[in-house]
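A short report with one table is enough.

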Amino acid sequence: MVTHWELQNSDAATQSSEEDEGLTAGISRRRSPLNGLGSARRNRKPRTLELSTVILSDTQSEEIVDDGGIFSDGETTYLQFKNSRKRKRAVGQKRKTKPPLKGSGVGRREKRGGTANEGPTQKKRRQMKNYGEVSSEDEMMEDGLPDYLQKRRSQFDKRRERLLEAGLKLPPDYEDVNFSDDERLEYLKEKPAFSEIKPCRKYEDIPLPYSLGLIPAPIAQWLRDYQVEGTSFLHELFVYQKGGILGDDMGLGKTVQVIAFLTAAYGKTGDERDAKRMRKMRRRGGNPWYPRTLIICPGTLIQNWKSELDCWGWWYVEVYHGDSKDEALRSAASGRVEILITTYTTYRMNKDALNMVEWDCVVADECHLMKERKSETAKSMHELNALCRIGLTGTAIQNKYEELWTLLNWSNPGRFGPVSTWKTTISDPLKIGQSHDATVYQLSKARKTAKKLVKNLLPAFFLRRMKALIADQLPKKSDLVVFCPLTDTQVDAYENLLDSDIVEYIKMSSDPCPCGSGKKSGWCCFTTVPNGGRWQNYVFPTISNLQKLCNHLATLIPQPTDPDEKQERDLRMLEVAVPDQWRELYRTRGSILNYSNPEFCGKWKVLKKLLKWWHSHGDKVLVFSHSVRLLKMLQLLFNHTSYNVSYLDGAMSYEDRAKVVNDFNADPRQFVFLISTKAGGVGLNITSANKVVVVDPNWNPSHDLQAQDRAYRIGQLRDVEVFRLVSAGTIEEIVYARQIYKQQQANIGYNASTERRYFKGVQEKKRSKGRDFWSLQLFEYRNNICVERHTRHDPIQAILASAGVEYTHENSEIIGPSKIEEQLSRRAEMADDGGDFGREQVFQGSQGLTILSAETKGGKMVKFKYHPPNDVMRRQFCSMARDSGYENATEFALVVEGMTQAERRAWLEKWYKGRREILLRDEAHIVNSPKIEIKTKDGSDETKIKEESLAGAHHSLAAG
């Protein structure tokens, strides 16, 4: 029986256009914007949001006079003022006199049955879907929520059912609150106050018609369109007390959108009166409701949040961290704090105390930190005493699709079923369909699942925009992957480690034991390495040592500060790697001579030459590494140069980190900033730098992407160049390949991208891992692979070539949608799921030599088979040169050598198109033309031609 993914609500119609497996999760809410508020927003594309039914009166408030605006008098008054001082006063007065409307259209739906006299339709109790038997570890449903959360949800739903829109979390009503400043609005200070940049839009309020909120003009004028949309999305979640994830790409201003939404939620106006609102409401009497917000973030971002809140408004903010945290919590509990900021660790250790407060909203910044559902952080965050849970992250999918489920399930507990259902319905189809060995049916299922995920399920709970939205407002960015050769000393040490008994035992552990017992060697006669413990205890240390060696040989030397046991293990590994030098290296450990030895680090040869060039051109450089020890070695080296260097790692206090970032941004003399990727890879704004070097790739691609975006974000004025240093032929190439795999999976989950399928293996599928996810690959050194050499004529390429670099490429040329994949996907989706064709592999035969073409001959589908011999490839390349107007193939080869991968693909696509048109034009020409096997879809009219193959062009261009 086919499994269906469902998100059901008795009061929301489930939209499903197909009966096949996948997502049938479209839950729509028809909303009518308030009259007079929606004139500029009527073309807004509605988002889906799972909500209970809200039936409101059809009669509008008598205060609404016409379609020109909610308060025609206020609108008329607004238009009468021409100068800026009067206009500011009119805007402020207009904000003050806009109470929430009774009988408004918030959440209005069409009635389903009943007459106008029957009153509101009774809301049916939502039936929980029966997901069958699931394991206890996967059964993280709504029923597992703490009692206090279930009680709050029940109370909110009942109140909303009884009071309609008055039961929603609308902005506080200040109608009866007297501000002494109302008579001098034109003189009031406003925030933010930017003097060096121009506003993005007119100075006017922006109404949020679907949630009865208002972004005040002082803030609204600085927001871009997508930020207004994000603010509306967040405020709507808050009003209806739902959860969601703002997953915008890094550097698009998620913090600003949150502050704008909070300004609307608190009913603030962006001027000095905002500093008095909480105090005025407390003195009002009658226990009026006033929002309380908890922000949870990494410790490095506490100061950033405080600074941004101060820049964009007047807020009462306290920090629940350190010695004074108890006093801060008492202030929040008593209503004397608007926003409380804490860290994930502090929350986890004090969750019982923090959850005594009924928070109206919780904002979890960098919420991907709780991506592992079994972690203590994720479990504690699940207990948060808040119905409105908002997560902020630019990397919701880092390693696997289950991470996205964890975040969505945290924001809306129980809405997405158990994780086991998510795996079988979403994760597995998407991963299997992306395999190079996928069948037509598997590819079809993957593409359909991706589209349903992106179009039906996510929009109600997940909003993500990419930097492409503001590409015209940002400088250019290049992301160059530089494959650095190891030095001869590094190569010898690397091969010594791979030839050691430890690695030999690891590699043979899965082979049948030679004793004939039928067991695997690692669990029979070879469980213990010579003079050591069990081989399993050496797997991860060996991988770590190989990665250290790729960076710098001196990182293998034991550190005196380490425990004795670790020093002994490191010393044994150093002896294996450099048997002739280990004694001298150990005796002189800590010496700068070891750090500066050029034979110990191939990457240093590359980096040193790049830094010299950048320093002479006035650039500023960020250097990221996961190895704090390597960063300290580089810092020591830089201290003996003329370069001014800054440093940041996790051992520094949050105050010191903020200070060093501010100093680097403000001081033009600061040249290099050494940053630990883990400590400084998120939340920091370092737009004064325009060069980024990632010294070592990480298994998690988001770490490297986040590091890049410390410089490439809103506020950057110069072109940004990123250099990822990868040691050629080593374990780092495998790490980078895994990054590609995970980035492609994330793109599919975010926007149903048709990514190129490089990998035959499927992650976390034991029977389908293939060689791509074969652990033994990690223990190989491939120094004899002939790679294409790029010799583009620019200074950077010349510098890299002088340092021994033979190959580089743009990361964007490897990752991204493919036109060929789009064609294959369209054909797969049209195929009959039950037919024989659906069981065929998309790439037939030798995997990659057959391309299914969409061209037709006589109304029938044909496919072209590509695989020419070498002499045909050379002959065809000469034909390309001649057809392109070049005098000889050598001249054409030099041009091809300077092309990017994208330029080559575009050129080949154009050339292929012309060749196919010739081949399909008439039968007589086909018989005397290239060696192409043309088959109709039904197998009839099979014609074989004998001379050359179309696809030789691709091989020829690569060989050029």
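Asp 181 and Lys 276 form a salt bridge in which the closest N and O atoms are 2.6 Å apart; a salt bridge here is a side-chain nitrogen of Lys or Arg within 4 Å of a carboxyl oxygen of Asp or Glu. Because Asp 181 sits in the loop between helix 3 and strand 5 and Lys 276 in the loop between helix 6 (254-265) and helix 7, the pair ties together parts that are 95 residues apart in sequence. Helices (H or I, at least four residues) and strands (E, at least two) are DSSP runs, numbered from the N terminus.

This is a predicted model, in which local features need pLDDT of at least 70 and side-chain atom pairs count only at pLDDT 80 or more, while totals for chains, interfaces and linings use all residues. Residues are numbered from 1 along each chain as its sequence is written, and side-chain values use heavy atoms, with hydrogens and water left out.

The two partners of this bridge fall into separate accessibility classes. Buried means under 20% relative accessible area, exposed means over 50%, and partly exposed is in between (1.4 Å probe, protein chains only). Asp 181 is buried at 4% relative accessibility, whereas Lys 276 is partly exposed, with a relative accessible area of 21%. Arg 184 joins Asp 181 and Lys 276 in a network of salt bridges.

**Other salt bridges**

The structure holds 28 salt bridges. Side chains of opposite charge can pair when their charged atoms come close. Among the 28 salt bridges are the three in this table.

| Asp 181 | Lys 276 | 2.6 Å |

Arg 153 and Asp 157 both belong to helix 3, where they are 4 residues apart, about one turn of the helix. Arg 153 is buried, with a relative accessible area of 16%, and Asp 157 is also buried, at 19%.

**Positive patch**

What gathers in a patch of positive charge on the surface? The residues are Arg 279, Arg 282, Arg 283, Arg 330 and Arg 336. Patches are made of residues with over 30% relative accessible area and no salt bridge; like charges are joined within 9 Å, and nonpolar side chains (Val, Leu, Ile, Met, Phe, Trp, Tyr) within 5 Å. Helix 7 (residues 277-284) gives the most to the positive patch, with 3 residues. Arg 279 lies in helix 7 and is partly exposed, with a relative accessible area of 31%.

**Cysteines**

A disulfide is a covalent bond between the sulfur atoms of two cysteines. How many disulfides does a search of the whole structure find? The search finds 0 disulfides, the cut-off being a pair of cysteine sulfur atoms within 2.5 Å. For Cys 484, the closest cysteine sulfur is in Cys 601, 8.6 Å away and therefore too far for a bond. Cys 513 is in no disulfide either, and the nearest cysteine sulfur, that of Cys 515, is 3.4 Å away. Cys 484 is buried, with a relative accessible area of 0%, and Cys 513 is buried at 6%.

**Backbone and loops**

Most residues other than glycine have a negative phi, and most peptide bonds are trans. Leu 164 has a phi near 60°, a positive value in a residue other than glycine. Leu 164 is found in the loop between helix 3 and strand 5 and is partly exposed at 22% relative accessibility. Gln 241 likewise has a positive phi, near 55°. Gln 241 is placed in the loop between helix 5 (225-239) and strand 7 (244-246), and is buried at 0% relative accessibility.

A cis peptide bond joins Lys 191 and Pro 192, with omega about 0°. Pro 192 lies in the loop between helix 3 and strand 5. Pro 171 is found in the loop between helix 3 (147-163) and strand 5 (206-208), and counts as buried at 13% relative accessibility. The C-alpha atoms of Pro 171 and Leu 262 are separated by 9.8 Å, although these residues are 91 residues apart along the chain.

Note on methods. Accessible areas come from the Shrake-Rupley method with a 1.4 Å probe; for residues, only the protein chains shown count as cover. Lys and Arg count as positive and Asp and Glu as negative; His and the chain ends are not counted. The place of a charge is taken as NZ of Lys, CZ of Arg, CG of Asp or CD of Glu.
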